[in-house]
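Visitor: Please take one part of this model and go through it closely. I would like to follow how its pieces are arranged.

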Amino acid sequence: MINALKMNFIQHPDKEIKISNELVLSPNEAAIAYIGLVLLEVRKWFWKEKYPDYKGAKIDWQLNIGMSSRSYDEQLLSEQMKKAALAGWNLSLESNNSISISDIKKAKISADHQIAEGIVDDEQKLHPDNACPIPEIIAQVVGYARSPMRQNGMYLIVDVGATTIDVSNFIIHEKEGEDLYTILVAEVEKLGASILHKYRISCAEKIIKKYCGASDALKFRNKSIKTINQAYDGILPLPTIEQYFPNLPNQAIKDFNEDNDEFMTACSKLVRKVIKESRYNRNPKSPAWQNGLPLFICGGGSKIQLFKDVIAHAQKQLKQAAFPGFERKQFPKPINLETADIPPRDYHRMSVAYGLSFPCIDIGDIIPPGAVEDFSENDKVRNIQNYFIDKDMV
């Protein structure tokens, strides 16, 4: 099993990881296998449920793959994502339900050839131009941008995933009738829900040792912690604070809450960092700095109370710089989305997939942060830089 596959793919794509005594894979190869297995299931569903609608039609397939907004400037990573998508597609063309190492390597070589030559040697394969890396933050707001609720302007989005928090500041606007998304600032840190869980486990172990010493209670509680750690799969809700260490004194709870606050403050710092950069250097004349900054908070971890507290904490800290506050927004569930089992309040967890379902050319133009110049009239704007530095940001 490879944990944090996406982060490993981004940071060390070719580093070999020992899965078992017989199996060694790089994150790149593991990502290709994962994409291939997912696409196998997609193909099964499509031909079972949608075949009558497309019978006799020639289907022109396209595959979009989400990536971090901060990484969208990185040409090398973008190409790696494209290759992984093409190789995963090649794997899904096989009729087998299992994938071997040799299958992965063969699919990867074929994808390299497709990109190098700009051609396909099999009509079932994708042309390289039809495999498109798309910033996930932008994919998330495509549904909103196509809804009656859409308003042009600047937004902040905080996406709380299992491993990371992605925070981006961007502008939705139009050019010649086409949607245009300008990413001003994008940051990502390993502060997601599963990281919070591991952090709490570590804190609980430290606190149990402090208050129980070397007693039998220590052994019992450490066993309990181990059970909780193994039971959490990244999908289920996080354990409650009491579950991490039951029946400990009030001071232990206080210590644990202080550790919790440290993690929350680190997340708040990331949000404030993005806002500071945007307000001071990227888009200081936006009306949002007077009227309120529209905010989307989304992702599977966004329902956890600690991450809700992040927004309140960031807003309180930013009041020192006359920040007007956040204007909370919700992603409207698209009426053409076929999901009977997903209520509107949970659509935000599907918003990336919905946005990625559109042809790349129909999503609109995406301007990465590196293509946006810093604002050059600082002398005409109040210097607020010092207001954004507090003890938590040192």
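Guide: In this predicted model, six strands make up an open sheet with mixed pairing, in the order β9-β8-β5-β6-β7-β10. The edges are held by β9 (326–328) and β10 (365–367); each has a single partner strand, so one side of each has no neighbour in the sheet. From one strand to the next, the twist averages 30 degrees.

Helix α10 (residues 250–282) packs on this sheet and touches β5, β6, β7, β8 and β9. The direction of α10 makes about 130 degrees with that of β7.

Now to the pairing itself. Strands of a sheet are joined through backbone hydrogen bonds, and they run either parallel or antiparallel. Strand β5 (residues 153–160) takes part in both kinds of pairing. With strand β6 (residues 165–175), β5 pairs in the antiparallel sense over eight bridges. These two strands form a hairpin, with four residues between them. Within this pair, L156 stands opposite N169 in β6. With strand β8 (residues 293–298), β5 pairs in the parallel sense over four bridges. Here V158 has I297 of β8 as its bridge partner.

Seven of the eight residues of β5 are buried, that is, under 20% relative accessible area, so this strand is largely enclosed by the rest of the structure.

L180 stands opposite D365 in β10.

Terms used: Residues are numbered from 1 along each chain as its sequence is written. This is a predicted model: local features need pLDDT of at least 70, side-chain atom pairs count only at pLDDT 80 or more; totals for chains, interfaces and linings use all residues. Side-chain values use heavy atoms; hydrogens and water are left out. Buried means under 20% relative accessible area, exposed over 50%, partly exposed in between (1.4 Å probe, protein chains only). Two strands pair if DSSP finds at least two bridges between them. Axes are lines fitted to C-alpha atoms, for helices over the stretch in contact, and angles run from 0 to 180 degrees between N-to-C directions. Contact means heavy atoms within 4.5 Å.
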